[in-house]
Amino acid sequence: MKKLAFHSYAKLNLYLAVIKKRPDNYHTLFTLFERISLADTIVLKARRDRTIKIACNVPGVPCDHTNLAYRSAHLLQENLRIKQGVDIKITKRIPVASGMGGGSSNAATVLLGLNQLWGLGLTKPRLLDYARRIGSDVPFFIYNTTFASGENRGDCITPLRSLSKVRLWHVLVIPPLKVSTPAIYRAWDRNKTKTTTLASSFLPPQERGRRAKGGLTRARFDVKLLTLALRARKPSTLDGLLFNSLQEVTPSLYPEVGRIFFEFNRRGIRTCLMSGSGPAVFGVVFSRKEAHALGRKLKACNRAWQVCVASTR
Ligand code: C5P
């Protein structure tokens with residue numbers, strides 16, 4: 001039977017402004033996504049019967065209908081009345097529930113992969129429509145782009161081709177915590193009227209009030225500045241431009257995340273940020289050598305932290 005293999009890349013959010021809560025309990029966002037080299041591998045093997053079977057090398061990952069990769073295959077099967085099934089083998093390297101979009105990326109890879117394997121001939125708009133139904137972060141991975149902005153739920157994507165030549169290096173630090181995204185957004189709802197939090201102390205003082213009151217216009221302007229700074233390739237100009245609204249929340253619920261910022265800052269790295277709802281924290285540097293040297297130092301801080309180096313991909 002036909003078999004295809006794919007990389008399923010992780011993402012970072014270099015900017016993530018939560019604008020407001022929507023009536024459907026989602027939140028309006030403005031975000032800047034970056035696709036990075038850290039990747040899972042997904043192998044799809046066609047089956048003659050209609051079974052969808054998931055196998056994964058990491059024990060805690062569900063292999064049932066709750067897995068987003070399963071949901072993608074099932075959605076196509078039901079919607080297009082497909083008579084075939086598929087064996088999906090996932091080799092995980094992206095830490096689970098870390099804020100780096102591993103499950104969403106896997107879902108997008110299965111949509112793109114089954115489009116080939118089952119010969120569906122789906123256009124990009126159709127794939128995006130299916131992706132949106134699986135999750136807010138899934139559409140970004142349908143685009144073959146390194147950087148993109150995301151609006152509405154984060155699902156309305158604009159690829160940023162002006163950044164196509166930019167290659168950043170990152171040190172990723174992932175503490176052994178499983179963070180629930182809905183719980184972090186609920187905490188943001190409760191928290192948004194408060195001005196001082198643990199994590200806002202990681203922002204330069206002049207940024208704190210301004211950022212909180214931003215709104216969509218401010219977010220668009222901030223991302224424009226960030227885009228210009230990325231093109232200039234000067235790490236110092238990124239300082240104060242990386243931003244994540246949820247960084248006001250996650251470190252107060254999980255103090256270990258705050259300790260990661262402390263360790264980055266202690267080594268003179270101000271260009272660090274939490275990705276998505278966390279707990280992964282990443283630093284931005286402009287060379288592979290610098291990334292590996294910093295990675296070694298951070299690993300020595302806490303053996304329980306997973307530390308890895310990745311680049312724009
Ligand atoms: O879209 P997805 O299922 O990945 O979202 C997971 C959870 O994150 C949602 O149930 C919601 O609590 C929160 N979320 C949100 N607003 C967004 C995206 C996600 O509130 N734009």
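## Buried rings

A residue counts as buried when its relative accessible area is under 20%. In this predicted model, Phe243 comes in at 3% relative accessibility, so it falls in the buried class. Tyr15 is buried too, with 2% relative accessibility.

## Aromatic pairs

Searching the whole structure turns up three aromatic pairs. One of them joins Tyr15 and Phe243 in a tilted arrangement, with 5.6 Å centre to centre and 50° between the planes. This pair links distant parts of the chain: Tyr15 belongs to strand 1 (residues 3–21) and Phe243 to strand 8 (residues 243–244), 228 residues apart.

Then there's Phe33 with Phe140, a stacked pair at 4.5 Å centre to centre and 15° between the planes. Phe33 is in strand 2 (residues 27–47) and Phe140 in helix 4 (residues 138–142), so the pair ties together parts that are 107 residues apart in sequence. Both Phe33 and Phe140 are buried. Ring pairs also bring in Phe141, giving a cluster of Phe33, Phe140 and Phe141.

## A charge over a ring

Tyr26 has the charged end of Arg153 sitting over its ring, 4.6 Å from the ring centre.

Now for an open sheet: four strands in the order 9-10-7-11, paired antiparallel. Strand 9 (272–274) and strand 11 (306–311) are the edge strands, each with a single partner, so one side of each has no neighbour in the sheet. From one strand to the next, the twist averages 25°.

Strand 7 (residues 169–174) and strand 11 run antiparallel and are joined by six bridges. Val171 has Val309 of strand 11 as its bridge partner. Helix 11 (residues 288–301) packs on the sheet and touches strand 7, strand 10 (281–285) and strand 11, with its direction at about 15° to that of strand 7.

Terms used. Residues are numbered from 1 along each chain as its sequence is written. This is a predicted model: local features need pLDDT of at least 70, side-chain atom pairs count only at pLDDT 80 or more; totals for chains, interfaces and linings use all residues. Side-chain values use heavy atoms; hydrogens and water are left out. Two strands pair if DSSP finds at least two bridges between them. Helices (H or I, at least four residues) and strands (E, at least two) are DSSP runs, numbered from the N terminus. Axes are lines fitted to C-alpha atoms, for helices over the stretch in contact, and angles run from 0 to 180 degrees between N-to-C directions. Contact means heavy atoms within 4.5 Å. Rings of Phe, Tyr and Trp (its six-membered ring) pair if their centres lie within 6.5 Å; planes under 30 degrees apart count as stacked, over 60 as edge-to-face and the rest as tilted. Buried means under 20% relative accessible area, exposed over 50%, partly exposed in between (1.4 Å probe, protein chains only). A charge sits over a ring if NZ of Lys or CZ of Arg is within 6 Å of the ring centre and within 35 degrees of the ring normal.
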